[in-house]
Amino acid sequence: MPQPVLIIGTYNPDGTPDAMNAAWGGQWDANEIMISLGSHATTDNLNRCPVFSVAFATVDSLPAADFVGLVSARKMPDKIARTGWQTVPSDQTEAPVFDVFPMTMLCRVKEKLKESATGCYLVAEIIDILCDEQYLADDGKPDVEKMRLITFDPVHHAYIELGKKAGDAFSDGKTLI
Ligand SMILES: Cc1cc2nc3c(=O)[nH]c(=O)nc-3n(C[C@H](O)[C@H](O)[C@H](O)COP(=O)(O)O)c2cc1C
């Protein structure tokens, strides 16, 4: 804790987008992420197409971000229509990029660890990162303070808003060297 609130975007067989909430995931290697993935419509979609999007949920997208973690496209065909999310045009068309998120990664499945009927640990390579210009810092890199990202608290099943910068990594500790 805290865990990220990742929104995994894929396409259903009929071409409509799907999204699910995943909090059991994170950085695996420098350019790779890992997601503990159960058996979902998303899992089926990933078996057909290994490219998917990963967006970071925000305060503004919170109710719909929770909703996509509560219902499955297997049972609710108009799942994404209910969120009001729109897909934005992107250079690659294999994975949906939703308009509501400040930052979205495009990933490709690299490995499925311990795969079974109930899911797997998905390792994926990050192939691109898209960030809305209004969320860039002066140095041209993503500024998470501007995005109002949320994290997941598994103890209270709560979403917590990320706060302000607290220090400089690989630097502030030098005062004790
Ligand atoms: C806060 C939260 C976190 C979740 N984290 C995960 C996760 O890490 N892995 C997973 O497989 N499912 C996770 N889920 C459940 C899926 O999001 C959920 O089963 C979803 O309905 C799957 O949608 P789909 O069948 O349309 O793909 C989470 C749900 C919530 C609400």
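A quick word on ground rules. The model is predicted, with local features needing pLDDT of at least 70 and side-chain atom pairs counting only at pLDDT 80 or more, while totals for chains, interfaces and linings use all residues. Numbering starts from 1 along each chain as its sequence is written.

**Overall fold**

The protein has four helices and 10 strands. Both are DSSP runs numbered from the N terminus, with helices being H or I of at least four residues and strands being E of at least two. Read from the N terminus, the order is β-β-β-β-β-α-β-α-α-β-β-α-β-β. The radius of gyration is 17 Å, close to the 16 Å that the globule rule gives for 177 residues, so the protein is as compact as a globular protein of that length. (That radius is taken over C-alpha atoms, and the rule is 2.2 Å times the number of residues to the power 0.38.) The C-alpha trace spans about 55 × 35 × 35 Å along its principal axes.

Of the 177 residues, 29% are buried. Here, buried means 20 or more other C-beta atoms within 10 Å of the residue's own, exposed means 12 or fewer, and partly exposed is in between, with C-beta atoms placed from the backbone. As for contacts with a separation of 6 or more, 60% come from residues 24 or more positions apart; a contact needs C-beta atoms, placed from the backbone, within 7 Å.

Two strands pair if DSSP finds at least two bridges between them.

Strand 2 (residues 6–11) and strand 3 run antiparallel and are joined by six bridges; Thr10, for one, has Asp18 in strand 3 as its bridge partner.

| Strand joined to strand 9 | Bridges | A bridge pair |
|---|---|---|
| Strand 1 (residues 3–4) | Two bridges | Gln3 with Phe152 |
| Strand 10 (residues 158–161) | Four bridges | Thr151 with Ile160 |

His157 is exposed, with 8 other C-beta atoms within 10 Å.

**Around the ligand**

The ligand is surrounded by 21 residues, the closest being Trp24, His40, Thr42, Gly69 and Ser72. A residue counts as near if its C-beta atom, placed from the backbone, lies within 6 Å. Strand 3 (17–22), strand 5 (32–37) and helix 1 (41–48) are the elements giving two or more residues to this shell, and strand 3 gives the most, with four. By class, the shell has 10 nonpolar, eight polar and three charged residues. Nonpolar covers Ala, Val, Leu, Ile, Met, Phe, Trp, Tyr, Cys and Pro; charged covers Asp, Glu, Lys and Arg; the others, Gly among them, are polar.

**A few single residues**

Strand 7 contains Lys112, which counts as partly exposed because it has 18 C-beta neighbours inside 10 Å. Leaving aside neighbours within four places in sequence, Lys112 is in contact with Cys120 and Leu122.

Lys114 is also in strand 7. Its phi is near 50°, a positive value in a residue other than glycine. With 9 C-beta neighbours inside 10 Å, Lys114 counts as exposed.

Lastly, the peptide bond from Met1 to Pro2 is cis, with omega near 0°. Pro2 sits in the segment before strand 1.

Note on methods. Contact = placed C-beta atoms within 7 Å.
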